[in-house]
Amino acid sequence: MDIGTRRRQLLTLPFAAGAVALASPWRALASGYPSKPIRMVVPFPAGGPTDIVARPFAQSLGEALKQSVVVDNRGGAGGSIGAGMVATAAADGYTLLMGTVGTSAINASLYKNLSYHPVKDFTPIAAVATAPVAIVVHPGAGIGSLAELVSKAKARPKAINYGSAGNGTPGHLAAAMFCATAHIELTHVPYKGSAPAVTELLGGQIPLMFDPLQSVLPHIQSGKLKALAITSRQRASVLPDVPTVAESGFAEFEATAWWALFAPAGLAPAIAQRLRAESERIVRGADFERRLAGLGLQTIHVPLASFQQAETAKWGAAVRATGISIE
């Protein structure tokens, strides 16, 4: 070995040792993770579309990690309260967020004073599921089709109320986008989550609702509610006879909700990788895919960080186009 080669090896050793020393704490941390139950914050009430996604996923993730994953429903402000809680939680892998298109893509443009930053305050883990928004009516509303809804709304602007899971939720924004597209005016009635809105719809207190498909699907299938259309490009396999908005006379219309797993910013890379690997394995599994399909959902396989960036730009443009803004 010549003197130059020996010198280069000696100079390299301290840097290599330093790199191993820096990496070791992360590896040690990940090797013992998780050693206690994990809390998954669902930023909406129990029984709603986000809860419907989160519970089977939490069960599967707990089985994979051999530790309990407990769902903690913290609704309010279009998901902002729960998301804000996770943003300020310790970045130790024991507090996670089942984020939504609202909390992680829409709210940044919608709320003037958001308590968290959807990108800077979180570590993206994995995309989980997507679903169309369903436009549903009470059978007694006297509205038999999307065309009939538009006709009645044009005859009596603002006379028809519609419910949603709250300000800034996918249902609310999808409805605003549809109103702008169809040149109609409906009156928004926001609720604190999908479950109370669906209860009011079933009782006939409101005639119409825009909400992700999975929360209203059982009531459509039982005949208690009627689906006028869904907002995805393709029809839903669980409701093959229900048309899309696009094929109902509003070409190119599309508005889909999605859900993804996030952790607080600053999560140790080794723990983030463990969570990401297990989450992606679950989402790609045939059993989980079949389970979601029966609920009107589809699993989604995309790199979460770049997907969130694209969705934020898309929904930001939609928010600006509708002119909606919330303090």
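In this predicted model, F178 is buried, with a relative accessible area of 1%. F250 is buried too, at a relative accessible area of 16%, because anything under 20% counts as buried. The ring centres of F178 and F250 lie 5.2 Å apart and their planes meet at 75°, so the pair is edge-to-face; the label applies to planes over 60 degrees apart. This pair links distant parts of the chain. F178 sits in helix α6 (residues 170-182), while F250 sits in the loop between β8 (226-230) and β9 (256-264), 72 residues apart. Both also belong to one aromatic cluster, together with Y162, F210 and F253.

Across the whole structure there are 9 aromatic pairs. One of them joins F57 and F288, again edge-to-face, at 5.9 Å centre to centre and 65° between the planes. F57 is part of helix α2 (residues 49-65) and F288 is part of helix α10, so this pair ties together parts that are 231 residues apart in sequence. F57 and F288 are both buried.

The largest share, 3 residues, comes from β4. The pocket holds about 350 Å³ of space and is lined by 18 residues. T130, P132, S232, Q234 and Q298 lie nearest its centre. Sorted by class, the lining has 8 polar, 6 nonpolar and 4 charged residues.

Definitions and conventions: Residues numbered from 1 in each chain as written. Predicted model: local features only at pLDDT ≥ 70, side-chain atom pairs only at ≥ 80, totals over all residues. Heavy atoms only, no water. 1 Å grid on protein atoms, 1.4 Å probe; cavity = no way out; pocket = protein on both sides within 12 Å on 5 of 7 lines; lining within 4 Å. Points joined across faces, edges and corners; volume = space filled by probe spheres on them. Helix = DSSP H or I, 4+ residues; strand = E, 2+ residues; numbered from the N terminus. Nonpolar A, V, L, I, M, F, W, Y, C, P; charged D, E, K, R; others polar. Phe/Tyr/Trp six-rings, centres within 6.5 Å; stacked < 30°, edge-to-face > 60°. Buried < 20%, exposed > 50% of the residue type's maximum accessible area, 1.4 Å probe, protein only.
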